[in-house]
Amino acid sequence: MGNLINEALSMGWVTMALLVGLLIYFQVSIKDPAAKKRATFKTFIGIIAAFLLFVAIANYKNNFYGENRLLPVSLVTITVTAFMMAIYFTNLGALLKIGGFMFFVAAFLSGYGNWLPQVEGGFPPAEVKLQFDSMTPQQLADEGEKIIFGGIGQSKVQGAIGKGQCPLCHGFNKGFLSERAPNLFGIPGRAKERLDEARYKKGKAVERDTVQKESFPGSGTAETGQEYIAESHACPSCFVVEGFGLKGSNDRESQMPRIHKPPISLALGELAAVDTWLYVREGVEPPTYEEIIKAYEKFIPEADRPKLQEDKPAGPASALLADGTEPVDQIFAKGQCVVCHTIPGIPGAIGTQGPKLEEGTNAPNRIKDAAYKGTARSTSEYIMESVVSPSTYVVKGFPDNLMPKVFGQKLSAGALKKIVDYLSQVKAGSPPPPIPAS
């Protein structure tokens, strides 16, 4: 604010000096006390109005190319100035009021325009063909960080999520308490320890108590730490870390999707980059690219190995999980909603970590709950609030902070609308609505 005032004074000091000089002149030249009082008061109002006008101009100048959306403040300030002067300068009152009204309308339209989500234009980023097999370990690790978090350095940014969507469930920092999936800090050393756990059944896949014994018939179990990491990605239900199984499965089934399958569909090179980052970021020498690929080939049959999509690099940290062009079932899958929630009518949505989403029935009742402190007044508003601000109301029996708070930034407005429209129609005891084609 101080800088704004200084700039306003530097711009308008000549005008301000003239008005002050005029004020002094009136004090000396006007003899009639009543006339002197009127002239002094009007000049003082003029000084204030001029000061506000230059503040408005300085604010407009400073923020014209900025992103803080303060431009309407300038127009409002000019509006106030115009109406204030109209009160005391009656001979120009009509003109000043018309001008003030015009600035008010401009301020309203400018404010509304700045309130709308802003889209930055420009050319799309150049496509870069990635050759994972020719990268150094550090280059591979950088690509892995992009895949996990959306960009280099984004691992330090809370809420950053990349194509792999790993942070939706996993923690990556030492001491971080993960409730949905194991914390992956220390995994390079811990992977070897898992092989020796009695429940893992190293070399004895048939004796496992999990719903899936092997990634595919004949693949067997991991023999090395890197093979354990590869198996965990390719077949999460082959071994489930204690306490992280699908609710009600007694740790016999994992809630984690196979990340080489849709909707994530990481290619082998991308999986190698992710694993390399897990080693490099902890200062541990990673296996070679060839060793990591070989580990994945052991657990992913050739027919199931996705190709790198048009050799495009992982998107930026702001990339959307769903842009709204997809059918609603794909939006639920891309957002990993199906991992934690049971959603009637959505294939594969049998999760139990979160409440069953029959929001056509649930939402009206929860809005009436005395414990509800949100602002929703309708089913649609409640669903939107639950997605973008899940801690506003936590359903009884489920812990807070289990659901990520990033979906307001990671799902487009169109994707959110499709989620709201679908869930609004899901009611307990009624057949689920059909899934629209798009």
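**Entry 1: the loop between α7 and α8**

I began with S265, which I found in the loop between α7 and α8; helices here are DSSP runs of H or I with at least four residues, and strands are runs of E with at least two, numbered from the N terminus. This is a predicted model, so I kept in mind that local features need pLDDT of at least 70, that side-chain atom pairs count only at pLDDT 80 or more, and that totals for chains, interfaces and linings use all residues. Residues are numbered from 1 along each chain as its sequence is written, and side-chain values use heavy atoms, with hydrogens and water left out.

The phi of S265 is near 55°, a positive value in a residue other than glycine. S265 is buried, at a relative accessible area of 12% (buried means under 20%, exposed over 50%, partly exposed in between, with a 1.4 Å probe and protein chains only).

D251 sits in the loop between α7 and α8. D251 also has a positive phi, about 60°, although it is not a glycine, and its relative accessible area of 16% makes it buried.

**Entry 2: helix α8**

How many of the residues of α8 are buried? I get 12 of its 13, so I wrote the helix down as mostly covered.

**Entry 3: the cores**

Next I looked up the largest nonpolar core, which holds 44 residues. I used the rule that a core is a set of buried Ala, Val, Leu, Ile, Met, Phe, Trp, Tyr and Cys residues joined through side-chain atoms within 4.5 Å. F132, F172, Y228 and Y296 touch the most other members. At least two residues each come from α5 (137–149), α6 (187–195), α7 (225–234), α8 (268–280) and α9 (289–299). Which helix gives the most to this core? It is α8, with 8 residues.

I then followed F172 beyond its neighbours within four places in sequence. Its contacts include I148, F149, P167, F185, W277 and R281. Apart from this core lies another, of 29 residues, among them C169, C337, L411 and Y422. A background note for myself: in soluble globular proteins, nonpolar side chains tend to be buried together.

In helix α13 (residues 379–388) I found T379, Y382, I383, E385 and V387 buried. The buried residues of α13 pack against α12 (359–368), α14 (407–410) and α15 (413–425).

K373 is in the loop between α12 and α13, and with a relative accessible area of 65% it is exposed. K373 and T392 are 19 residues apart in sequence, yet 6.8 Å apart in space, C-alpha to C-alpha.

**Entry 4: salt bridges**

My rule was a side-chain nitrogen of Lys or Arg within 4 Å of a carboxyl oxygen of Asp or Glu, and the count comes to 13.

D369 and K396 meet in one of them, at 2.9 Å from N to O. D369 lies in the loop between α12 and α13 and K396 in the loop between α13 and α14, so this pair ties together parts that are 27 residues apart in sequence. K396 is exposed, at 61%.

D421 and K417 form another, with the closest N and O atoms 2.7 Å apart. They are 4 residues apart in helix α15, and therefore separated by about one helical turn. D421 is partly exposed at 34%, while K417 is exposed at 51%.

K334 and E326 pair at 3.1 Å, N to O; K334 is partly exposed at 23%, and E326 is buried at 6%.

**Entry 5: the whole chain**

To finish, I took the totals. The protein has 15 helices and 0 strands, and 44% of its 438 residues count as buried. Among contacts between residues at least 6 apart in sequence, 59% join residues at least 24 apart.

Technical notes:
Contact means heavy atoms within 4.5 Å.
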